[in-house]
Amino acid sequence: MGWGSGERPGRRTSPADDEWNRASALCAAQLPLVWLAWWYCAVAGRDDYGRTGGFLGIVCVPLVLPVLGVLHATVQIMPAAVLADLGPVRRHGPRWARRAVASALVGSGWAVVGRLLWDWPVTVTLPWFAAVGILPVLGLALLRRREWGGRGVWLRAAGACVVLFAAAGTGVAALADEYEPPKLSTGRLTGDWHGDGGALLRLEPGGRAELTRVPALPGVGASRPDAGARSDYTRCDGTGAWTRHPGGRGGEGRDAVLVRVDGDCGLETYWTIGGTERDPELFALFGDPDVGEPLVLARGSAGQP
């Protein structure tokens, strides 16, 4: 792939290999920007359900980006280059424009594959898959006038990525709205809260609670029936008590509802208040807080994270 800073004596890389190397470097360089755009559109200003995220992922980013860049170039950018240079297509428009359109078409094809194999929503994946091929194609058009290859194009791409990510990140941080959980009074907390798996938590005035298949922390030595593949919670039926806790556990976090179950089904569980003022939610994290999926209770119907 031409990772060295120069050509080895007696060995020359083909133009196709040079272009693949450049495309891989450009694809890897844009991935942090793509992630930043996705974060702003899909995550910024929304409830993170108390998940802290892991530092290991940040450490692994420099190792993963080159691999993902090579993969992206292989499945989208280079096939688009072949498609754009086919005989019937070559007569229409400049080369960079043909490749940009071809890249969008290939990306759209992968969106359809995602729909067929994994049921990904095409309305979401198609714009993203089509758009992520535009910058590498335009970058290849600019690099075609320069003799950058091998390790040099990767180093330049990495430097440009850091600068652009820092500049874009500063702008996104300034524009992004900070999430604010709703403030629910004791009166607004009373009523039925529904979750997946048929969970129903009924909070009654006066502090009484009724539970139907409501997840709870298991007691020492308690069995975990009906938890499926999960072993970090059990599901409880019966009655209990609830209280509103400003600040949640320890008084240092978000407001929460503390539910205590009668009997020996499960331990007390803090259900943190989340969602919005219009659509409030209660959620609890079981297991690893970095990667665990929250279990959500919402008004009216099954809650989804």
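This is a predicted model: local features need pLDDT of at least 70, side-chain atom pairs count only at pLDDT 80 or more; totals for chains, interfaces and linings use all residues.

Residues are numbered from 1 along each chain as its sequence is written, and side-chain values use heavy atoms, with hydrogens and water left out.

**Whole chain**
- The chain holds eight helices and eight strands, taken as DSSP runs (H or I of at least four residues for helices, E of at least two for strands) and numbered from the N terminus.
- Of the 305 residues, 36% are buried, meaning under 20% relative accessible area with a 1.4 Å probe, protein chains only.

**H1 with H6**
- Helix H1 (residues 15–42) packs on helix H6 (residues 134–143) with axes 9 Å apart and an angle of about 130 degrees, the axes being lines fitted to C-alpha atoms over the stretch in contact and the angles running from 0 to 180 degrees between N-to-C directions.
- H1 and H6 are therefore oblique to each other, the class left after under 35 degrees (roughly parallel), over 145 (roughly antiparallel) and 65 to 115 (roughly perpendicular).
- The contact (heavy atoms within 4.5 Å) includes Glu19, Arg22 and Leu26 of H1 and Leu135, Pro136 and Leu140 of H6.

**H4 with H6**
- The axes of helix H4 (residues 95–118) and H6 come within 9 Å and cross at roughly 160 degrees, which makes H4 roughly antiparallel to H6.
- Trp96, Arg99, Ala100 and Ser103 in H4 meet Ile134, Val137, Leu138 and Ala141 in H6.

Conventions: Buried means under 20% relative accessible area, exposed over 50%, partly exposed in between (1.4 Å probe, protein chains only).
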